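Thanks for passing this one along.

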There are 2 protein chains.
Amino acid sequence: MREDDLQDMRQLPLFEGVGASYVDSLLRNAFVQRFPAHVELVHEGDPADFLYVIVQGQVEIYAGYRDRETTISVLGPGNSFIIAAVLLDRVYLKSARGLTPTRILMLPAAAVREGFAEDAHFARALAVDMALAYRGVVKELKNQKLRSSLERLANWLITEDARQGGSGQLEIPYDKKILASRLGMAPEVLSRSIAALLPYKVEIRGRHVTLHDREALLSLARPIATIDDPSC
Amino acid sequence: MREDDLQDMRQLPLFEGVGASYVDSLLRNAFVQRFPAHVELVHEGDPADFLYVIVQGQVEIYAGYRDRETTISVLGPGNSFIIAAVLLDRVYLKSARGLTPTRILMLPAAAVREGFAEDAHFARALAVDMALAYRGVVKELKNQKLRSSLERLANWLITEDARQGGSGQLEIPYDKKILASRLGMAPEVLSRSIAALLPYKVEIRGRHVTLHDREALLSLARPIATIDDPSC
DNA sequence: TTTTTCTGTTGATGCAAATCAAGGTCTGCA
DNA sequence: TGCAGACCTTGATTTGCATCAACAGAAAAA
């Protein structure tokens, strides 16, 4: 790994609070890989050989069944994926592919498991990461089981707006068909749901969204902390 | 805590591989509580004051939104719940109530967090438990997003049969309306789905189920390891 | 016991969302 | 510049599931 790559990697949230010398010993066994867009990085059912950390680009986490496919989440720089499979030494439950060209840090699974046993700070960082991921999925399961398509979209818009600064102006960060899959609906339904938000003063042109009346949208969406608050 | 209670607690999977003296020091701050059926043990949105471990009885984990409610899972003896909230010192994302009278071990959250930092074996046990729980929710999310009601029921029957010994004879371990909520459907839909399984030689009388033709049911359900295999 | 309440089934109906189909728009590329 | 192939939208139709309603049977309470 090149020296300036190393510099970048040390800053990753996963290594926060972990001793510098230990981070470096982990990184010595790791490598950074570039992948073109649309390449499958991980396939569900395969043994978990690596822990992946995104350095650059967007990664879609998805899963398939029969001829169907659904997006579980879309991750960006700083996010890691499949910690649980690595820790338990089992197969991946989800697949992953880059939506853009990506730069990915790959940590050999065995080194991560050893790290968990040897360095308490690293163990804590892994556990915190996993706990956050766990709560994320629980929220998503509640989102799916308790809400209609329109409610999911409305709440996504509000949450995403907040994440992008809360100005009422936001960009959908990926294709609409990916968003539809993430929200658990067919692309056609997303199109129609967007149209259905017109009375709530939501304007969508391409990927750019303007929320002209946040109060109206809020009264439809009715977000609650235990589903929608990312800091909760 | 009484001495024979202590004996029971030391056997819990959560303490497997953890030094006996450390387990005892944890248990000194803990207590075992009995609750009558239908009592709410934990309410979503409340701060996580305790880690709960089921000693006896069944506990329904559920969540609400507006006037709706859904069952996330039903847990039994040996299972713990809300590790992630305790570890992160955040609020519970789900509520819990006993379906039967229960006996619950309650570990103060602060002690658990200290334990994670102080005892590497306990930290590992917690992390493994959390990783398994995480993978369970991921599977459930896939189950919800990728399958129809009928497919979910068919796969549940197969998995539950395997869990109960694989004899083709099984008992539904709780009310059908709880099962319906767990499977993400209205009780009426469960009734009709059961009727729809008649051509597949599934016989249901009350809570007792007989699978007369597992092959036929398998061809409908089409289970896959990354959703249905509990050991994966 | 009788009465009441709860659980589960069945029928009728309405709605949400998937599917099928066609056309328009944008993008990358020859 | 023009074409091929995406992405997205809109319309028509079907399907899956929820809802409403009524009732039977079982369990709990009087």
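My points below go from conventions to symmetry, the chain interface, the domains and the core.

1. A word on conventions before the details. This is a predicted model, in which local features need pLDDT of at least 70, side-chain atom pairs count only at pLDDT 80 or more, and totals for chains, interfaces and linings use all residues. Residues are numbered from 1 along each chain as its sequence is written, chains are lettered from A and ligands numbered from 1 in the order in which they are written, and side-chain values use heavy atoms, with hydrogens and water left out.

2. Chain A superposes on chain B by a rotation of 180 degrees with 0.0 Å of shift along the axis, at an RMSD of 0.0 Å (least squares on C-alpha atoms of residues with pLDDT of at least 70 in both copies). The two copies are therefore related as by a two-fold rotation axis.

3. On the chain interface, 58 residues of chain A contact 58 residues of chain B (contact means heavy atoms within 4.5 Å). The copies meet through the same surface, because 100% of the interface residues of chain A are also interface residues in chain B. Chains A and B bury about 5000 Å² between them, 68% of it on carbon and sulfur atoms (accessible area lost on being put together, 1.4 Å probe, summed over both parts).

4. Between chain A and chain B there are six salt bridges (a side-chain nitrogen of Lys or Arg within 4 Å of a carboxyl oxygen of Asp or Glu). B:Lys142 pairs with A:Glu44 in a salt bridge, with the closest N and O atoms 2.9 Å apart.

5. Within chain A, the division is into domain 1 (3-144) and domain 2 (148-228), with bounds from an automatic or database domain assignment. Their contact takes 14 residues from domain 1 of chain A and 10 residues from domain 2 of chain A. These two domains bury about 1100 Å² between them, 48% of it on carbon and sulfur atoms, and one salt bridge is found across their interface.

6. Finally, the largest nonpolar core has 117 residues, and A:Phe81, A:Leu105, B:Phe81 and B:Leu105 have the most contacts inside it. Such a core is a set of buried Ala, Val, Leu, Ile, Met, Phe, Trp, Tyr and Cys residues joined through side-chain atoms within 4.5 Å, buried being under 20% relative accessible area (1.4 Å probe, protein chains only). Among the residues that A:Leu105 touches are A:Met1, A:Phe15, A:Phe31 and A:Tyr52.

Conventions. Buried < 20%, exposed > 50% of the residue type's maximum accessible area, 1.4 Å probe, protein only. Lists of a residue's contacts leave out its neighbours within four places in sequence.
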